[in-house]
Protein chains: 2
Amino acid sequence: MARLPVYLRALTLLIERGVATASSEDLAVAAGVNSAKLRKDLSYLGSYGTRGVGYDVEYLRYQIAREIGLTQDWPVAIVGLGNLGQALANYAGFGTRGFRVAALLDVDPDRIGRDFGGVVVRHLDELADLVDEHDISIGVVTTPGPVAQQVADRLVGSGVTSILNFAPAVITVPSGVDVRKVDLSIELQILAYHEQRKSMAGALHPGLDIDVVAQVVAP
Amino acid sequence: MARLPVYLRALTLLIERGVATASSEDLAVAAGVNSAKLRKDLSYLGSYGTRGVGYDVEYLRYQIAREIGLTQDWPVAIVGLGNLGQALANYAGFGTRGFRVAALLDVDPDRIGRDFGGVVVRHLDELADLVDEHDISIGVVTTPGPVAQQVADRLVGSGVTSILNFAPAVITVPSGVDVRKVDLSIELQILAYHEQRKSMAGALHPGLDIDVVAQVVAP
DNA sequence: CGGATTTTGTTCTCCCGTTCACAAACTCCT
DNA sequence: AGGAGTTTGTGAACGGGAGAACAAAATCCG
């Protein structure tokens, strides 16, 4: 389930606050979901709650981390050391969440050899060796859109079986390989779409703006 | 619909390739979706296709851009000039997609006054003035998790009605305000979950690894 | 010790999105 | 001009996830 990481974060937050036990309702609020949905999700992992009491926060957190596979550290390769790639390479929160930047790749001679957070940028041609050496199965693509597909092909060819794609392009991979896409422009465009709707709502009923808005904002 | 931006990108790609007309099947492949779904989505905007021919790529692209609201430029404020905030501030692809970095905010004295892509970082206290001055309705949060909520509160208080949240935290806002969340760790954890499953599939059937994998990879 | 209370785990229903499938509409070729 | 071939737009069936609701289980308190 795609919501397990959200629950994991909520649990970590509660642990930091010193909470020892929490009901599904508490967790649901912290994770921003419905409590019934949360209970159903957790029931897939097993019966880790106690009726009348709630969930042992620490224990549940371990079980979810175990389910996700975060009891081990996942080595990650980042391809494309542009603005975003550099930001990710320097991102400290990486290591605290079960991941480790094991390799940085680029083709620009100006970038090769530079050091980000203790890892040196290597040429993309060395990808296969590095994947093999560090047992990397997850690749992050932060290249320009036009080369994203061929980078993905090389990642897959080197043995990577999961790709996180930040490039503005649709990439296709063989079955058995997972791809997730994060696209800043698309997210912003979705927001813009809603923004436009908001401003149109007022324009459609001139003179009624205030009443309409008031109903929408505080129903 | 959240898929319109994807179609928009696919159409832009086809235009760059010099394609003048495309069938729903062509578009669906370029966008990575099912053709029936794409046709149904487009039918909500109106009848912009011609039976037996397909869609006029240029015309359709304009109609979708218009629907999303990209005929205007959206000024955006970025709060938090850490690694990620700096990367976004320098991101050139911003402007080409209907958005403009209108304000950069932080509270760190070392960052205030610095210039990213022609925009100077200002103190967060000036937020309301800048939002007002530039007519900003979209805010991007790239702060550490613990302060994300209060930054969001200040954004909303200043008149921002759409927030793109990169901070690893759940933020709550009044109804009428839209929030979208992008979380690197969660995406990676979802990939890790699938990775773990992949490696377990082999372990469950020792001796059959090769056959099983072969079936999964090339069915 | 037993009833009241809390909270989980699960069943059931509903609703929305996806996909199939086909008629209508348009082009092309003879 | 007319039939063959394409492709859109949409009605209908399907599937799955979301939430309400409730029984089972545990604690608390008199």
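Me: At about what angle does helix 4 of chain B run to strand 3 of chain B?
Reply: The model is a predicted one. Helix 4 covers residues 57-68 of chain B and lies across strand 1 and strand 3 of chain B. Its angle to strand 3 of chain B is about 70°.

Me: Which strands of chain B are the edge strands of the open sheet?
Reply: The open sheet in chain B has 3 strands in the order 1-3-2, with antiparallel pairing. An edge strand pairs on one side only. The edge strands of chain B are strand 1 (21-22) and strand 2 (49-50).

Me: Which residue in strand 3 of chain B is the bridge partner of B:Gly49?
Reply: Strand 2 of chain B pairs with strand 3 (residues 54-56) of chain B in the antiparallel sense, over 2 bridges. The bridge partner of B:Gly49 is B:Tyr55.

Me: How many of the residues in the contact of helix 6 of chain B with helix 7 of chain B are nonpolar?
Reply: Helix 6 of chain B passes helix 7 of chain B in a right-handed crossing. Helix 6 of chain B contributes B:Leu127, B:Ala128 and B:Val131, and helix 7 of chain B contributes B:Arg154, B:Leu155 and B:Ser158. Of these contact residues, 1 is charged, 1 is polar and the nonpolar count is 4.

Note on methods
Residues numbered from 1 in each chain as written. Chains lettered and ligands numbered in written order. Predicted model: local features only at pLDDT ≥ 70, side-chain atom pairs only at ≥ 80, totals over all residues. Heavy atoms only, no water. Left-handed = near helix turned anticlockwise from the far one by under 90°. Helix = DSSP H or I, 4+ residues; strand = E, 2+ residues; numbered from the N terminus. Contact = heavy atoms within 4.5 Å. Nonpolar A, V, L, I, M, F, W, Y, C, P; charged D, E, K, R; others polar. Pairing = 2+ DSSP bridges. Axes fitted to C-alpha atoms, helices over the stretch in contact; angles between N-to-C directions.
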